[in-house]
Amino acid sequence: MNTSPDIAAVASLIGDSSRITMLLSLLGGKAMPASELARAAHITPQTASSHLSKLVEGGLLVHESYGRHRYYRLANADVAHALEALNAIALPKPVRSLRESEQVKAIRFARTCYDHLAGEVGVALTDRLLAMGLLEESGQDYVLNEEGKKKLCSLGVELEPRSKSRRSYARPCLDWSERRHHLAGSLGAALTQRLFELGWIERYADHRGVRITEAGVKGFFDEFGLTIKHPHALSRQAGG
């Protein structure tokens, strides 16, 4: 017999400051070893191991072993979506250093939300797909029309999901920093993966922000009419 979801159990897991720090460190979609997560949370490896075990038992994380190391990642896109939603309603924490300030700017500008592009660039790209008539709103989801399929196919985006799952194909995801929607779902993931493959975006080594490369500046303008002037500035072109 199905019962109502145990929200209190999940809230208890993410309510700990060390655990939420580790979860947010994984929000960019990549797997990380326990040692890196411990450093991110400023706790000992032994304490981190205990916290990570609880997160795995609670269904928020999964892990894989490679030799002597265990790598952890978010269990699925639903966990990432819940964390992003919490970011949208949480009050901002004070920035305590110039380095942290620069990271926050970069993350707000462009980042990965699990496996799709978010931040100012992610929202602007979604806006352009809608304005160009390639993507359409349909109820609570997006629909990629025939023109959109042709356009994304020409860029080499894999339009068919690699595995059958209950995951939405194209849905709006509320962007916590922009307070508007970016493209999520398997289509958002496929598009973002192709942007990495094309070399338009690159990951930063120390946080989940992504850098727009010179190829990306040109590609976003040529293909979608987005003008990226410098790492933290973007303007939207009229027309397509």
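1. Let's start with the largest cavity: its volume comes out at about 70 Å³. Keep in mind that this is a predicted model. Searching the whole structure turns up one cavity of 30 Å³ or more.

2. Who sits around that space? The largest cavity is lined by His116, Leu117, Gly122, Leu125, Thr126, Leu129, Leu183, Gly188, Leu191 and Thr192.

3. The top contributor is α7, which supplies four residues.

4. Five of the lining residues are nonpolar and five are polar, while no charged residue takes part. If you are sorting them yourself, remember that Gly goes in the polar group here.

5. Next, the largest pocket, which has a volume of about 1600 Å³. There are 40 residues lining this pocket, and the closest to its centre are Thr21, Leu24, Lys93, Glu100 and Ile107.

6. Where does the pocket lining come from? Helices α2 (17-25), α3 (34-41), α5 (77-89) and α6 (98-109) are the elements that each give two or more residues to it.

7. How many charged residues does the lining of the largest pocket have? The count is 12, alongside 12 polar and 16 nonpolar residues.

Key. Residues numbered from 1 in each chain as written. Predicted model: local features only at pLDDT ≥ 70, side-chain atom pairs only at ≥ 80, totals over all residues. Heavy atoms only, no water. 1 Å grid on protein atoms, 1.4 Å probe; cavity = no way out; pocket = protein on both sides within 12 Å on 5 of 7 lines; lining within 4 Å. Points joined across faces, edges and corners; volume = space filled by probe spheres on them.
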